[in-house]
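Please open the structure in your viewer and keep the selection tool at hand.

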Amino acid sequence: IEIETGGGSANLGLEYANMCYMVNPYLILHAGRFLPKFGAYRGRAGEAFLNRFASDPTGFGDGGIGAMNETGIGAQGGLPFGDIRINYDFYISNGPQLLTDPDNAGQFEYEAYTSNNKSSAIGGRVAILPFQSSSLEIGYSFQSKSKTGEVGTAYSNTGVVMHALDLNYLGHLTAIKSDIRLIGEWKHQKVDNATYKNAADEDFTFNNAPTSYYACATIRPAHVDNKFVSNLEIAGRYSYFNRPSAAPWGGSNDEKVELALDYWLKWNCL
């Protein structure tokens, strides 16, 4: 549950509520309003209690590529093949809804509770852990929706396709009793050509194909004897958002460099 205060009142919202049913050790069915399955950052590393930094990489938060949460159904699980492991996550959701107002033309509303037409988004992520130690995971994600505009308008058949690649590696530096982690993700979005109206009611078009990526490296002295020191971690991250130059919300590209000092309370909370 999301609670916002201000103006003398409290506003309540629903972040996510997801029901999962375990069919067998290799398959889980789920339905509800869930954390996004497109890419690996949002939903796996970007939540506030896991995020190593005070903000999101550029292009990975609000106003970037992809949803912060989605409403739909899905199937997820993992499969072992000897020392190799595969995990998967496929879903159907309401998906993105095209915005056409002059300030946001070509952008999307990703988190609507209801659909604006009869089309749904189909997406998923498949990842491989090629080593017996599971120290490396490489994932590929996709999402496609053929109709994103309001039904009955000229934009009803405007489609969008998104792709993402992600990597997560955990290694050890025995000499200094430390763990290192390398994390990265690349995302691309391609929107069908459409003609929009600007503030002067003039027609304009642009190549709507933004790209964003980030790379992060961390080091943590997890194997030293001092408990406090062993829970500390130093992290650095570079991110880049290539936005459409002719879009009203685009213009110059955006890049960000961040450093952080973190303390892990538990393995899943910092």
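Select Glu-233 and Arg-52, both of which are buried; buried means under 20% relative accessible area, exposed over 50%, and partly exposed in between (1.4 Å probe, protein chains only). Glu-233 forms a salt bridge with Arg-52, and their closest N and O atoms are 2.8 Å apart. The term salt bridge denotes a side-chain nitrogen of Lys or Arg within 4 Å of a carboxyl oxygen of Asp or Glu. This pair links distant parts of the chain, since Glu-233 belongs to strand 16 (residues 232-242) and Arg-52 to the loop between strand 4 and strand 5, 181 residues apart. Strands (E, at least two residues) and helices (H or I, at least four) are DSSP runs, numbered from the N terminus.

The model on display is predicted: local features need pLDDT of at least 70, side-chain atom pairs count only at pLDDT 80 or more, and totals for chains, interfaces and linings use all residues. Residues are numbered from 1 along each chain as its sequence is written, and side-chain values use heavy atoms, with hydrogens and water left out.

How many salt bridges does a search of the whole structure find? The search gives nine. In general, side chains of opposite charge can pair when their charged atoms come close.

Move to Arg-42 and Asp-56, whose side chains meet in a salt bridge of 2.9 Å, N to O. Both residues lie in the loop between strand 4 and strand 5, so the pair ties together parts that are 14 residues apart in sequence. Arg-42 and Asp-56 are both buried.

Now select Asp-89 and Lys-37, a salt bridge with its closest N and O atoms 3.6 Å apart. Because Asp-89 lies in strand 6 and Lys-37 in the loop between strand 4 and strand 5, the pair ties together parts that are 52 residues apart in sequence. Asp-89 is buried, at 13% relative accessible area, and Lys-37 counts as buried at 15%.

The tour turns to aromatic rings. Rings of Phe, Tyr and Trp (its six-membered ring) pair if their centres lie within 6.5 Å; planes under 30 degrees apart count as stacked, over 60 as edge-to-face and the rest as tilted. By this rule there are 15 aromatic pairs. Select Phe-60 and Tyr-214, an edge-to-face pair with 5.2 Å centre to centre and 85 degrees between the planes. Phe-60 lies in the loop between strand 4 (27-34) and strand 5 (70-81) and Tyr-214 in strand 15 (residues 211-220), so the pair ties together parts that are 154 residues apart in sequence. Phe-60 counts as buried at 3% relative accessibility, and Tyr-214 is buried at 6%.

Is the pair of Tyr-88 and Phe-90 stacked or edge-to-face? Their ring centres are 6.1 Å apart and their planes at 25 degrees, so the pair is stacked. Tyr-88 counts as buried at 18% relative accessibility, whereas Phe-90 counts as partly exposed at 36%.

Finally, select Tyr-155, Tyr-196, Phe-204, Phe-206 and Trp-249, which form one aromatic cluster.
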